[in-house]
Amino acid sequence: MKSKMNQLFEDQKSVHVLYSYNGMEKYIEQVVSFIHNGILAGEYVILIENDRVYPLIHKELSTRLTKDQMEYIHRVNNLDFYYSSGSYHPPAIHDYFNKMVQPYLENKLPFRSWAHVEWATMKDPLHLIEDFEKIVDEAVNLLSFPLICAYKGERMPDYLRRILMETHPYILLEDDMIVSELYPPLMNRE
């Protein structure tokens, strides 16, 4: 039986999903499933992940995928990605992302992306995350690809959780996918 998430990715390519995780074991399970299913569907996977977690993901994937299938994974260090300009700067992140996906777009290669969003301290201006997520949501719709943004649940204050629910049309729960009630309908968007 297909999961709701995989059915959604098949039905529409432009899917922007918020995943608030608690616990590394469940996180690894979700990201590995996302990558594995994408590769089985013939998609390349852009994995934006940190140096601590990536070896755990790689180890699990190497038991499920062939060496050739592993070549479909393009891993980017998430700190390099989010802080490419020296700070969390949405336009710089957007430029970095556009350069990263260009080969896939030019060669008409299907891809999906998983982004582990982290920030160094709560002093980082969280309003920038809202700006960034709005830019990303537009990119998902324009470029037509599935993207999951993973945030550590316990590091999300209520106002950030609300912002994220307003900028992601879908929310991945541990065993389900739901529509965000706070995401504005497409016709009301600027």
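**A short tour of a 190-residue chain**

Let's start with overall size. For 190 residues, a compact globule would have a radius of gyration near 16 Å, and this chain agrees because its own value is 16 Å. That radius is taken over C-alpha atoms, and the globule rule is 2.2 Å times the number of residues to the power 0.38.

A word on the source. This is a predicted model, where local features need pLDDT of at least 70, side-chain atom pairs count only at pLDDT 80 or more, and totals for chains, interfaces and linings use all residues. Residues are numbered from 1 along each chain as its sequence is written, and side-chain values use heavy atoms, leaving out hydrogens and water.

Now the layout. The C-alpha atoms fill a box of roughly 40 × 35 × 35 Å along the principal axes. The chain has eight helices and seven strands. These are DSSP runs, numbered from the N terminus: helices are H or I with at least four residues, strands are E with at least two. Take contacts with a separation of 6 or more: 75% of them join residues 24 or more positions apart. Contact means heavy atoms within 4.5 Å.

Next, the inside. Buried residues make up 47% of the chain. Buried means under 20% relative accessible area, exposed means over 50%, and partly exposed is in between, with a 1.4 Å probe and protein chains only. In soluble globular proteins, nonpolar side chains tend to be buried together. Here, the largest nonpolar core has 30 residues. Such a core is a set of buried Ala, Val, Leu, Ile, Met, Phe, Trp, Tyr and Cys residues joined through side-chain atoms within 4.5 Å. Among those with the most contacts inside this core are Phe81, Tyr82 and Trp119. Elements giving two or more residues to this core include strand E2 (44-49), strand E4 (111-116) and helix H8 (158-167). A second, separate core has 29 residues, including Leu8, Val17, Val45 and Tyr54.

What does Tyr82 touch, not counting residues up to four places away in sequence? Its partners include Ile48, Tyr88, Ile93 and Phe132.

One cavity of 30 Å³ or more turns up in the whole structure. About 110 Å³ lies in the largest cavity. It has 14 lining residues, and Phe81, Phe97, Phe132, Val136 and Leu147 are the closest to its centre. Helix H7 gives the most, with four residues. By class, the lining has 13 nonpolar, one polar and no charged residues.

The second largest pocket has a volume of about 230 Å³. Its lining has three nonpolar, three polar and six charged residues. Helix H2 supplies the largest share, four residues.

Some terms. On a 1 Å grid over the protein atoms alone, a cavity is a set of points where a 1.4 Å probe fits but cannot get out; a pocket is an open set with protein on both sides within 12 Å along at least five of seven lines; lining residues have an atom within 4 Å of a point. Grid points join across faces, edges and corners, and a volume is the space filled by probe spheres set on the points. Ala, Val, Leu, Ile, Met, Phe, Trp, Tyr, Cys and Pro count as nonpolar, Asp, Glu, Lys and Arg as charged, the others, Gly among them, as polar.

Last, two loop residues. Lys108 sits between H6 and E4, with a positive phi near 50 degrees. Lys108 is exposed because its relative accessible area is 73%. Ser144 lies in the loop between H7 and E5, and its phi is about 60 degrees.
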